[in-house]
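Below is a short report on selected helices and strands. Keep the sequence and the structure in view while reading.

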Amino acid sequence: MGSFRVRGGTKLQGEITPQGAKNEALQILCGVLLTPEKMTLRKVPNIRDVNKLIDLLGDMGVKITKLGPEAYTFQADEINLDYLETEEFLVKASSLRGSVMILGPLLARFGTGKLSKPGGDKIGRRRMDTHFVGFQKLGAKFGYDSKREIFHIDGKNLKGTYMLLDEASVTGTANIVMAASMAEGKTTIYNAACEPYLQQLCSMLVRMGAKITGIGSNLLHIEGVKELGGTEHTMLPDMIEIGSFIGLAAMTESEITIKNAQIPRLGIIPDTFKRMGIQMEFRDDDIYIPSQKHYEIETFIDGSILTVADAIWPGFTPDLLSVVLVTATQAKGTVLVHQKMFESRLFFVDKLIDMGAQIILCDPHRATVIGLDRKTSLRGIRMTSPDIRAGVSLLIAALSAEGTSIIDNIEQIDRGYQHIDERLRKLGADIERL
Ligand SMILES: CC(=O)N[C@H]1[C@@H](OP(=O)(O)OP(=O)(O)OC[C@H]2O[C@@H](n3ccc(=O)[nH]c3=O)[C@H](O)[C@@H]2O)O[C@H](CO)[C@@H](O)[C@@H]1O
Ligand SMILES: C=C(OP(=O)(O)O)C(=O)O
């Protein structure tokens with residue numbers, strides 16, 4: 001188990017370039033299984049989850065060439081389906097959430113797929129019904145071996161159909177879109193998730209020869225094609241990393257420029273941080289955040305306490321609520337953070353309370369933060385990172401705190417933030433990997 005030692009209280013300064021988007025890369029990497037032709041991917045983030053998925057693809061027989069630190073070619077022309085039967089595959093695949101999206105491509109191309117229960121953050125129940133019901137609607141048979149916790153799906157002749165998803169699942173939509181891309185006839189998916197990750201996946205599939213309309217909306221039409229070909233694809237900058245850097249800048253009173261942020265693709269993220277009182281300037285495609293001694297949380301128009309809640313895209317992403325919460329601890333004012341989607345994502349507030357933050361955990365989904373307005377600093381403590389976004393929020397808290405903090409279990413942070421210690425050191429942070 002790795003740890004960071006952080007000496008807090010230093011103002012940071014400089015420019016930082018966001019990595020390629022983690023959750024996009026996981027979809028796109030699974031998509032390489034859809035074609036025997038060469039795929040060239042750029043801005044592939046060098047993070048634990050992505051590297052694990054790349055390894056898994058290699059083990060399945062995908063030919064991988066590294067072109068540079070963030071660029072690869074993949075060619076899935078000789079997939080070893082027998083490997084899916086091995087214990088090694090099942091163990092490796094279950095170590096990350098994103099691996100679930102190999103099922104759609106495998107089903108589309110080979111008529112079969114298998115997977116053990118996928119991992120990912122323990123942030124509450126994470127059901128997969130939407131994925132499997134979608135596959136079944138396309139005509140696949142679904143089975144679950146409850147003893148070994150293995151899902152399998154089979155269906156050689158998938159047929160397009162209409163489906164209304166029971167929830168707009170991000171990875172579920174990606175899986176169904178990929179399966180439907182080579183099904184016979186037309187598939188309509190209503191209540192589809194439409195995060196930029198999915199917009200990017202669908203645009204890439206179109207470049208591979210798929211026929212998809214409605215991209216960016218919750219109503220997708222997919223006309224199945226017989227085969228897909230190779231293409232090139234570049235990941236968007238990671239919007240969750242961008243939000244994390246905005247929160248970091250505010251909490252540490254730092255002057256930071258986030259380079260090439262693709263601002264039009266960030267949806268409501270910048271405005272949500274602005275409502276927390278954080279000033280920012282858009283300079284071409286960069287986000288400049290000045291050093292701010294005080295930032296004041298807005299109220300609603302009627303003067304009532306602001307609520308920041310998650311919602312499916314184009315609402316505010318649940319993956320940034322922990323960052324909003326930590327950022328509020330040094331703001332002026334009060335905010336209610338409402339995490340609707342996941343039930344175990346706010347428990348990390350215990351550690352912030354130990355550090356001196358004023359937070360009331362109302363129930364597993366809601367926490368009220370009463371900002372300290374820098375009248376007192378947070379105090380450095382030893383803590384464990386429970387999940388990726390709580391982990392980065394604790395890191396932000398530690399960087400703003402007086403004294404030294406140790407953050408354990410930083411593998412969680414490394415799942416999604418590329419060389420975060422090195423990159424923050426370049427901004428002047430006192431952080432060391434133990
Ligand atoms: C690898 C990956 O891409 N992971 C992301 C993906 O996970 P993932 O695709 O696993 O998450 P889903 O979109 O399936 O669902 C997330 C949670 O929200 C609930 N839910 C979802 C839709 C809905 O309309 N109502 C509802 O209540 C689900 O029951 C679940 O508890 O999307 C989540 C939601 O943005 C993000 O937190 C994860 O970082
Ligand atoms: C919850 C997340 O990741 P995963 O779905 O991979 O657990 C996340 O990226 O915030």
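In this predicted model, helix 10 (residues 321-328) is largely enclosed by the rest of the structure, because 8 of its 8 residues are buried. The buried residues of helix 10 are L321, S322, V323, V324, L325, V326, T327 and A328.

Of its 6 residues, the number buried is 0, so strand 4 lies largely in the open. Strand 4 pairs with strand 5 (residues 71-75) in the antiparallel sense, over 5 bridges. One of the bridge partners can be named: K63 pairs with Q75 in strand 5.

| Element | Residues | Buried |
|---|---|---|
| Helix 10 | residues 321-328 | 8 of the 8 residues |

Next comes a helix pair. At what angle do the axes of helix 5 and helix 6 cross? The axes of helix 5 (residues 129-137) and helix 6 (residues 170-180) come within 8 Å and cross at roughly 20°. Angles under 35 degrees count as roughly parallel, so helix 5 is roughly parallel to helix 6. The crossing of helix 5 and helix 6 is right-handed.

Both helices supply residues to the contact. Helix 5 brings T130, H131, G134 and F135, and helix 6 brings G172, N175, I176 and A179. By class, the residues of this contact divide into 3 nonpolar, 5 polar and no charged.

Key: Residues are numbered from 1 along each chain as its sequence is written. Chains are lettered from A and ligands numbered from 1 in the order in which they are written. This is a predicted model: local features need pLDDT of at least 70, side-chain atom pairs count only at pLDDT 80 or more; totals for chains, interfaces and linings use all residues. A residue is buried if 20 or more other C-beta atoms lie within 10 Å of its own, exposed if 12 or fewer, and partly exposed in between; C-beta atoms are placed from the backbone. Helices (H or I, at least four residues) and strands (E, at least two) are DSSP runs, numbered from the N terminus. Axes are lines fitted to C-alpha atoms, for helices over the stretch in contact, and angles run from 0 to 180 degrees between N-to-C directions. Angles under 35 degrees count as roughly parallel, over 145 as roughly antiparallel, 65 to 115 as roughly perpendicular and the rest as oblique. A crossing is left-handed if the near helix is turned anticlockwise from the far one by less than a right angle, and right-handed if clockwise. Two residues are in contact if their C-beta atoms, placed from the backbone, lie within 7 Å. Ala, Val, Leu, Ile, Met, Phe, Trp, Tyr, Cys and Pro count as nonpolar, Asp, Glu, Lys and Arg as charged, and the others, Gly among them, as polar. Two strands pair if DSSP finds at least two bridges between them.
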